[in-house]
Amino acid sequence: MDSIFDQVHERRHTDSQKWQKYAGQDILPMWVADMDFKAPEPVLQALHDRIDHGIFGYARPERGTIEAVLGMLQRNYDWAVEEEWLVWLPGLVVGLNITSRAFAEPGEKILTTTPIYPPFLLGPRFQNRSVTKAKMALDGDKWVIDWEAMEAAVDSQTRMFFFCNPHNPCARVFDRSELEAVAAFCQRHNLILCSDEIHCELLLDGRSHTPIATLSDEVSKNSFTLIAPSKTYNLAGLGCSLAIIPDKGLRHRFNSATRGIMAEVNNLGYTACEAAYRDGGPWREELLRYLGTNRDFIHSFVKERIPEIGIYQHEATYLSWMDVTAFDLSDPVAHFESHGVGLTDGAFFDSPGHVRLNFGCPRSTLKEGLERMEKAVDALR
Ligand SMILES: Cc1ncc(COP(=O)(O)O)c(C=O)c1O
């Protein structure tokens, strides 16, 4: 075993949503976005210490927790965030719903690009706001924003743009010129910019992330950013996420929409967040190397053994977006499940004919999953 990430941990018979879905069936779960890795040792130690204290009353972040967040943003992105800009959330799905309520009236529109992480579409709908979709385009094997589609989709009823960078599921890291175009578009059409950057610490091949809010003071005032340690450090079940809202007026509107309905972050979430952002760096470096090799493994495997499946340039995240339109299946996920691998259906992302494979797992699991996909494809050849 070369890496700690090669270790296979038994997650069956635990509270894992990912593994419970196929309980009792021989189906490898490669769907929902959490990883089959243990959290970093310093996080586990901090949690043990916190539990040993034994009292779990209503929680607030401690000084050290706030400093860990601000320190990470300064260190990684040269972003001098002020403490009062931070709004703590029990999850970003909650954040997307709150955002929809806060910045659009019922019936008003929120624009996003598709394919997209499903809560971008569902959050506004659950809150009785409309969603307008602009399909992304392909530049070779790289997903890009289609500016003609964006201009055609926006109108006087559109209030916000939901942006995802790095992008789930397209695995893009938008470069500076693309970010500038997004910011200019929002300014031109008077849209508040909500930038979900939850995957910003999962960039592969040494790429670097630019928080869109750091482009200029103007962008910073007209936008807010959603982040969390959960994807990177595998802490999703602890429910600790953040909105960074520099503008006082926007922050007030956001906070007002949370009153009485938003749960608070729990003690363990704060503890894990602090330890992850402060001490998780070396673990993350190793994780990124491992995920990069997993991504390469997928690309070689698919190109050599299941070339009917289309794959794209993959710059970030542990989620691989795959085109299975060649098979013309009415339910591709059911077909792959019947051969022992559980993927996420592209239809949820407004993109039928695609599936998403979660490769945040040991290479042996990934290899097994891909071999099962090959068998599923063999059955259609
Ligand atoms: C883009 C994006 N935003 C938000 C979330 C979920 O965040 P949370 O677990 O904090 O609700 C995910 C999870 O996969 C995601 O990919």
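Trainee: How many residues surround the ligand, and which are the closest?
Mentor: This is a predicted model, where local features need pLDDT of at least 70, side-chain atom pairs count only at pLDDT 80 or more, and totals for chains, interfaces and linings use all residues. Residues are numbered from 1 along each chain as its sequence is written. A residue is near a molecule or strand if its C-beta atom, placed from the backbone, lies within 6 Å of it. The ligand is surrounded by 13 residues, and the closest are Ala33, Gly91, Leu92, Val93 and Asn168.

Trainee: By class, what does the shell around the ligand have?
Mentor: Ala, Val, Leu, Ile, Met, Phe, Trp, Tyr, Cys and Pro count as nonpolar, Asp, Glu, Lys and Arg as charged, and the others, Gly among them, as polar. In the shell around the ligand, the classes are eight nonpolar, four polar and one charged.

Trainee: How many bridges join strand β3 to strand β4?
Mentor: Strands (E, at least two residues) and helices (H or I, at least four) are DSSP runs, numbered from the N terminus. Two strands pair if DSSP finds at least two bridges between them. Strand β3 covers residues 109-114 and β4 residues 130-135; they run parallel, and the number of bridges is six.

Trainee: Which residue of β7 is the bridge partner of lysine 109?
Mentor: Strand β7 (residues 158-164) runs parallel to β3, with four bridges between them. The partner of lysine 109 in β7 is threonine 158.

Trainee: What is omega for the cis peptide bond between asparagine 168 and proline 169?
Mentor: Proline 169 sits in the loop between β7 and α7 (176-188). Asparagine 168 is also one of the closest residues to the ligand. For its cis bond to proline 169, omega is about 20°.

Trainee: Is asparagine 234 buried or exposed?
Mentor: Asparagine 234 is not a glycine, yet its phi is positive, about 60°. A residue is buried if 20 or more other C-beta atoms lie within 10 Å of its own, exposed if 12 or fewer, and partly exposed in between, with C-beta atoms placed from the backbone. Asparagine 234 has 23 other C-beta atoms within 10 Å, so it is buried.
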